[in-house]
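Here are my notes from an afternoon with this model, in the order I looked things up.

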Amino acid sequence: MEHSNWLSGTLVYLSAAVLAVPIAKKLGLGSIIGYLVAGIAIGPWGLRLVTDPQDMLHFAEFGVVLMLFLVGLELEPRRLWALRKPIFGWGTAQLAGSAALLVAIALAFGVPWQLSLVVSLGLALSSTAIGLGVLNERNLMSTSGGQSLLSVALLQDIAAIPILALVPLLAVAGANAPHDSNGWLAAGKALGMIFAIVLGGRLLLRPALRWIARSATPEIFTAAALLLVVATASLMQAVGLSMALGAFLAGVLLAESEYRRELETDIEPFKGLLLGLFFIAVGMSVDFAVVIAQPGLIAAIVVGFLLAKALVLWGMARTMPLPAPERPVFIILLAQGGEFGFVVFQSAQQAGVIDAPTSSLLVAAVAVSMLLTPLMLVAADRWWIPRLTRSARNTLPELNEPQDAPVIIAGFGRYGQVVGRMLNANGIDVTVLEHDADQVETVRRFGMQAFYGDATRLDLLRTAGADKARIIVLAIDDVEQSLKAADVVRQNFPQLTMVARARNVTHYYGLRQRGVTLIERETLDSALMSARSVLELMGFQRHQARNLALRFRRHTIDLIEEMTPHQGDQNKLIAVAKKGRQQLEQQWAKERAEAGARHKRAGWHTDSQHPEPTTSDSKTG
């Protein structure tokens, strides 16, 4: 395929992504595997629609740069300063520990020390793109495991310049080796550039963005956001540092600015698309000729460095403040090789430290490890993490002693906690059951009493005092578990009054079929409060908006009750819903007209669009 034909190239890349990613997501493999498979399919070892993936790899690497910029926007300088110990502590421990262990293994096999050191440093690095991409996909960036992984990834980017400066110094061919002063000069340039970006960002970025924003031209602000990222990335690349590190610094400098959200909104679409292209390019770049020629050696290298790095990371995870269920993701994402390893091995080949066949072998091994990482995560999700979760649950104190509180709360998430705090504040004792081990640990850290347990278990409900209590609050997130708990309570504890939370209308109907009458839809009241605010902003009086919201609430509840007997008859449900909506609109329109006429006769000069409503109420009002 001719790379000059950009339209055909775009068609190939987008078609591959659109086909492969939904299939991978459907199979539970994640989007990253979809992108990698798409790259393999269209690459030199697939359909050969793309024969030279390197150009695309360099272009799509900008997706990693944009991702690091967005990560930086989420980290204010004070938060980054708070991460200095994890970055230079755990990050250094991972890089130095992994490299040292790999060097020892290589030396044991008789590999020269220069080659051992370069190879070990290259393999010790991990893929920032895949690591942070998985964290974003799984919404794990804010967890302790996500922050720990981010810290290690940042240290690896910072370590880029000394590693690249070291490679030529180890050159076997003396003619290719620069003087030692060149390495110090490169380090000095790198530090100077970092200082210049930080200082310039503090003094110039906000005024420049403010001036651009005053133009009131959204597309120019988007262009300015992209220019900012490209400029900082280019400056860092000019002194041999990671482009992603420069973008990250720019993001941190703007994390406290008033333009933070606007920048995130403008750049997010570009980041997602380019990051997907990067993964496609990685899939295309796998040299299967090397893999096919020496499959045993490739497998040995991949398994060897994955196990060595995993051993170091496992030791770190045991001493870091990481919950057990978060450790597998931390270990797997950092055990893989990384895209920066490609750069190290290419630089080592140019310097004469390693020959071309060895470089190809190592690049293939790193690429294979990146391909295997999403698959290892799928395996961990199915077998490893559930075992750790069960072990973590076993360390939590279950409810062993009989309780006598008059109220039991089943489920202590965002909904149950509000109920519990309200009752405790009024001197009412409650017994709390929560089936999520992490949630139990969290609420206990905040000083609230909660027991780990499944409210659908009859024996646990008896221990919780269900045979003596007066009320049980069903605040369980999962709809099926909530309905199952309602069945158990109705069959075994008929004296208990059930007060339930319904996540949606279907959940509401399920509870009503089980005889529960005190049900609140979790979003109804919050939505009505927002509607009240909008009415007030539109000119309604405060008491008028409150009255309308209360009447609408009564109407909604009555309408749902009217629809309950018709579950299973879609046409009847639609007819009842339409009729109820029309009755309400007609009644309120009539009231507005009557109120407007009364005000006009009385000579009032009020907004006729929002006259004072009548206080009458009815089933539809």
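**Entry 1: a helix pair.** I started where Thr 128, Gly 131, Leu 132 and Leu 135 of α8 meet Gly 146, Leu 149, Leu 150, Ala 153 and Asp 157 of α9. I took contact to mean heavy atoms within 4.5 Å. By class, I found five nonpolar, three polar and one charged residue in this contact of α8 with α9. My classes put Ala, Val, Leu, Ile, Met, Phe, Trp, Tyr, Cys and Pro as nonpolar, Asp, Glu, Lys and Arg as charged, and the others, Gly among them, as polar.

Next I looked up the geometry: α8 (residues 128-137) and α9 (residues 144-158) pack at an angle of about 160°, and their axes are 11 Å apart. That makes α8 roughly antiparallel to α9. The axes are lines fitted to C-alpha atoms, for helices over the stretch in contact, and the angles run from 0 to 180 degrees between N-to-C directions. Under 35 degrees I call a pair roughly parallel, over 145 roughly antiparallel, from 65 to 115 roughly perpendicular, and the rest oblique. The crossing of α8 and α9 is left-handed, meaning that the near helix is turned anticlockwise from the far one by less than a right angle; clockwise would be right-handed.

**Entry 2: ground rules.** Before going further, I noted that this is a predicted model, in which local features need pLDDT of at least 70 and side-chain atom pairs count only at pLDDT 80 or more, while totals for chains, interfaces and linings use all residues. Residues are numbered from 1 along each chain as its sequence is written, and side-chain values use heavy atoms, with hydrogens and water left out.

**Entry 3: the whole chain.** I counted 27 helices and six strands; these are DSSP runs numbered from the N terminus, with helices being H or I of at least four residues and strands E of at least two. Of the 621 residues, 48% count as buried, where buried is under 20% relative accessible area, exposed over 50%, and partly exposed in between (1.4 Å probe, protein chains only). Among contacts with a separation of 6 or more, 73% come from residues 24 or more positions apart.

**Entry 4: α8 again, other partner.** I found that α8 also packs with α14 (residues 260-285), at about 130° and with the axes 11 Å apart. α8 and α14 are therefore oblique to each other, and their crossing is left-handed. Here Ala 129, Ile 130 and Asn 136 of α8 meet Lys 271, Leu 275, Phe 278 and Phe 279 of α14. This contact of α8 with α14 has five nonpolar, one polar and one charged residue.

**Entry 5: a crossed pair.** What angle do α4 and α12 make? The axes of α4 (residues 62-73) and α12 (residues 218-238) cross at roughly 105° and come within 11 Å, so the two helices are roughly perpendicular to each other. Phe 62, Val 65, Leu 66 and Phe 69 of α4 make the contact with Leu 226, Leu 228, Val 229, Val 230 and Ala 233 of α12. The class count for α4 with α12 is nine nonpolar, no polar and no charged residues.

**Entry 6: the sheet.** I traced an open sheet of six strands with parallel pairing, in the order β3-β2-β1-β4-β5-β6. Its edge strands are β3 (451-452) and β6 (518-521), each pairing on one side only. A pair needs at least two bridges found by DSSP. β1 and β4 pair in the parallel sense over four bridges, and Ala 410 stands opposite Leu 474 in β4. Four bridges also join β4 (residues 471-474) to β5 (residues 497-502), running parallel; Leu 474 stands opposite Ala 500 in β5, and Val 473 opposite Val 499 in β5. Helix α20 (residues 414-425) packs on the sheet, touching β1 (407-410), β2 (430-434), β4, β5 and β6, and its direction makes about 160° with that of β1.

**Entry 7: two single residues.** Is Met 563 buried or exposed? Met 563, in α26 (residues 542-563), counts as buried because its relative accessibility is 13%. Its C-alpha is 6.7 Å from that of Val 576, 13 residues apart along the chain. Arg 48 sits in the loop between α2 (31-42) and α3 (54-60). Its phi is near 60°, a positive value in a residue other than glycine. At 51% relative accessibility, Arg 48 counts as exposed.
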